[in-house]
Amino acid sequence: YANQRHGNQLDSFSKQKGNALRQGSSWRGSRGLLALLLVVTCGCAAATWLYVTSLDSDITESLARQREIISPEPRVYLVPCSEDYDNYKRYPGCTPQKCGRAVTDSAVTREEAQVLRRLAERALALAGSEGGASILDLHSGALSMGKQFVNIYRYFGDQIRDVFTQEDFQLYRDVRGRIQAIVARTFDLDPTLLYLTKPTFFSRINSTAAKTQHDEYWHPHIDKVTYGSFDYTSLLYLSDYGSDFTGGRFVFMDQNANRTVEPRAGRVSFFSSGSENLHRVEKVTWGTRYAITVSFTCDPAHAISDPTLP
């Protein structure tokens, strides 16, 4: 504007006035355009910043993708043990000294996972939650029904033998034993000092909106803090990420990145239960996710027995 003014000086006052008016009008138009451009630029920058920071808050590394087969040895990711275990009685040979998370596809076959999934489907067809998450606990008999739980053995009585067989329960016990053995071997434990504990249960998760807090499975949590008795947690997946459902990945929430496990039928993911393994499950967005949570303790006072068919 200054260059234009100095380069176009006029002799006539009227011409100067006319130019000044025109230039003033031009400047006001340019100033409005500049302001608009600044708003648009700032808006784009803000949107970009929000997008980048949202990505930064959820940087994800994959511990195990669905298409991979992790066999014969588990894939192990070690982390320092938290101080959570100091708040409980310590059991030499069992209380975590070596902490982390691991994944294996060699402990349970896909065919065995399919049999266990059909077991869960038959039982949960009898009832199920009104929200997106239903559970079946063969040990206690707890089964989701609407917004509550019933004891499947008492509620359905003799009908239960149309749902379960002795072979189903034997497979469940065999699989539990194999998972316990691989947890003990991976974390250098005495397997005779590791005990099954509650809750140990089947879960069915879909995209139905939550109706109660029991349906809100996606919140970050620490198993040792939530349950107290847990020292090691495992999950056996009974369905496949990407084909049976979307969403529903298991997410370890570390300080510098999230690390995910993509479910695969027959895959076992297991980890020490303290705050070194803060975790959550992504919301299922389509389809149905089946899994079994199998929990272990070092405290014999919290041990439970394998289930038996009444």
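The sheet I want to start with is open and has four strands, in the order β1-β12-β11-β14, with mixed pairing. Two strands count as paired if DSSP finds at least two bridges between them. The strands themselves are DSSP runs of E with at least two residues, while helices are runs of H or I with at least four, and both are numbered from the N terminus. At the edges stand β1 (60-64) and β14 (279-281), each with a single partner strand, so one side of each is left without a neighbour in the sheet. On average, neighbouring strands here are turned by 30° against each other, direction ignored. For that angle, axes are lines fitted to C-alpha atoms, for helices over the stretch in contact, and angles run from 0 to 180 degrees between N-to-C directions.

Before going on, the background. This is a predicted model, in which local features need pLDDT of at least 70 and side-chain atom pairs count only at pLDDT 80 or more, whereas totals for chains, interfaces and linings use all residues. Residues are numbered from 1 along each chain as its sequence is written, and side-chain values use heavy atoms, with hydrogens and water left out.

How many bridges join β1 to β12? Four, and the two strands run parallel, with β12 covering residues 258-261. Within this pair, T60 stands opposite N258. In general, strands of a sheet pair through backbone hydrogen bonds, either parallel or antiparallel.

The antiparallel case is found in β6 (residues 142-146) and β7 (residues 148-151), which pair over four bridges. A hairpin of one residue joins β6 to β7. M145 is placed opposite Q148 of β7.

Now the whole chain. The protein chain has six helices and 16 strands. Out of 310 residues, 46% are buried, meaning under 20% relative accessible area; exposed is over 50%, and partly exposed is in between, with a 1.4 Å probe and protein chains only. The accessible surface is about 16,100 Å², and carbon and sulfur atoms hold 53% of it. Those areas come from the Shrake-Rupley method with a 1.4 Å probe, and for residues only the protein chains shown count as cover. Among contacts with a separation of 6 or more, 78% are between residues 24 or more positions apart. A contact means heavy atoms within 4.5 Å.

Next, the inside. A nonpolar core is a set of buried Ala, Val, Leu, Ile, Met, Phe, Trp, Tyr and Cys residues joined through side-chain atoms within 4.5 Å. The largest one has 46 residues, and L136, F164 and F202 have the most contacts inside it. Elements giving two or more residues to this core include α3 (110-124), β8 (195-205) and β16 (289-297). Which element gives the most? That is α5, with eight residues.

An α-helix has 3.6 residues a turn, so residues three or four places apart point the same way. G177 is found in α5 and is partly exposed, at 26% relative accessibility. Its C-alpha lies 10.0 Å from that of P191, 14 residues apart along the chain.

Just after α5 comes D188. D188 is in the loop between α5 and β8, and it has a positive phi of about 60° although it is not a glycine. Is D188 buried or exposed? Exposed, at 57% relative accessibility.

Not counting residues up to four places away in sequence, S203 touches S134, R289, Y290 and A291. P199 also has its place in β8, and a cis peptide bond joins it to K198, with omega about 0°.

Another cis peptide bond joins S71 and P72, again with omega about 0°. P72 is in the loop between β1 and β2 (75-79), which brings me back to the strand at the edge of the sheet, β1.
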